[in-house]
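These are my notebook entries on one structure, taken in the order in which I looked things up. The sequence and the model come first.

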Amino acid sequence: MQGPELPIALDRHTMINIGIDKTVVIGRGHTEYDTSAQTFIYNHNHGNWSYGPLLIQARCDHAAGIVTDEVTHETHKIVTGGYSGGYLKSTEILKGGSWTLGKKIDKIDITRMKVNSFQDREHVTPCLALA
């Protein structure tokens, strides 16, 4: 089954579910200088894409996920790390339909980096260690 096309071509992005019926695609980049703060939301019920909230920091090759607060048991959608002219230490949290800054990553573990081949070019994806 084929769904509707994204509004623009993307690579070096991430995606996470933001509800039972929506998925957000976060950031992109074709080169180290071509990063984006744009997000797109796919509504599974309506089968369409819409523009989502802009990130605070444009990024590519980042990580995204859903974390649960061990005290309050609240879940938070986050994006962290990546690249935008240099390795990023920032974390952003999706709250109330917009991104807010979270805690910075104290340490980037360069020794755990991996190289991925992508269409005749290679780019480096950092494995991030929270200190």
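**Entry 1: conventions and overall figures.** I call a residue buried if its relative accessible area is under 20%, exposed if it is over 50%, and partly exposed in between, with a 1.4 Å probe and protein chains only. By that criterion, buried residues make up 38% of the 131 residues in the protein chain.

I note that this is a predicted model, in which local features need pLDDT of at least 70 and side-chain atom pairs count only at pLDDT 80 or more, while totals for chains, interfaces and linings use all residues. Residues are numbered from 1 along each chain as its sequence is written, and side-chain values use heavy atoms, with hydrogens and water left out.

I looked up the accessible surface of the protein chain (Shrake-Rupley method, 1.4 Å probe; for residues, only the protein chains shown count as cover). The total is about 8,100 Å², and 52% of that belongs to carbon and sulfur atoms.

I then looked up contacts, meaning heavy atoms within 4.5 Å. Of the contacts in the protein chain between residues at least 6 apart in sequence, 35% join residues at least 24 apart.

**Entry 2: secondary structure.** I took helices (H or I, at least four residues) and strands (E, at least two) as DSSP runs, numbered from the N terminus. The protein chain has 0 helices and 12 strands.

**Entry 3: the sheet of β1 to β4.** I counted two strands as paired if DSSP finds at least two bridges between them. Four strands, in the order β1-β2-β3-β4, form an open sheet with antiparallel pairing. At its edges are β1 (14-17) and β4, each of which pairs on one side only. From one strand to the next, the twist averages 25 degrees; axes here are lines fitted to C-alpha atoms, for helices over the stretch in contact, and angles run from 0 to 180 degrees between N-to-C directions.

Strand β1 is joined to the antiparallel strand β2 (residues 22-29) by 4 bridges. In this pairing I found isoleucine 16 opposite valine 24 in β2.

**Entry 4: threonine 39.** Is threonine 39 buried or exposed? Its relative accessible area is 0%, so threonine 39 is buried. Threonine 39 is placed in strand β3. Leaving aside neighbours within four places in sequence, its contacts include Val24, Ile26, Tyr51, Leu55 and Trp99. The threonine 39 side chain also reaches the backbone oxygen of proline 53 at 2.7 Å. I list this as a polar contact, that is, a pair of N or O atoms within 3.5 Å; within protein, one must be able to donate a hydrogen and the other to accept it, and residues adjacent in sequence count only if both atoms are side-chain atoms.

**Entry 5: aromatic pairs.** Rings of Phe, Tyr and Trp (its six-membered ring) pair if their centres lie within 6.5 Å; planes under 30 degrees apart count as stacked, over 60 as edge-to-face and the rest as tilted. I found 3 aromatic pairs in the structure. One of them, phenylalanine 40 with tyrosine 51, is tilted, at 5.2 Å centre to centre and 50 degrees between the planes. Phenylalanine 40 lies in strand β3 (residues 35-43) and tyrosine 51 in strand β4 (residues 48-51), so this pair ties together parts 11 residues apart in sequence. Phenylalanine 40 is buried at 2% relative accessibility, whereas tyrosine 51 is exposed at 56%.

Tyrosine 83 and tyrosine 87 form an edge-to-face pair, at 5.1 Å centre to centre and 75 degrees between the planes. Tyrosine 83 counts as buried at 16% relative accessibility, and tyrosine 87 as partly exposed at 36%.

**Entry 6: the sheet of β5 to β8.** A further open sheet holds 4 strands in the order β5-β6-β7-β8, with antiparallel pairing. Strands β5 (63-68) and β8 (98-101) stand at the edges with a single partner strand each, so one side of each lacks a neighbour in the sheet. Neighbouring strands of this sheet are turned by 35 degrees against each other on average, direction ignored.

I went through the pairings in turn.

- Between β5 and strand β6 (residues 75-80) there are 6 bridges, and isoleucine 66 stands opposite lysine 77 in β6.
- Between β6 and β7 there are 4 bridges, and leucine 94 in β7 is the bridge partner of lysine 77.
- Between β7 and β8 there are 4 bridges, and isoleucine 93 stands opposite threonine 100 in β8.

Of the 5 residues of strand β7 (residues 91-95), 4 are buried, so the strand is largely enclosed by the rest of the structure. The hairpin of β7 and β8 has 2 residues between the strands, and glycine 96 takes a positive phi near 55 degrees there.
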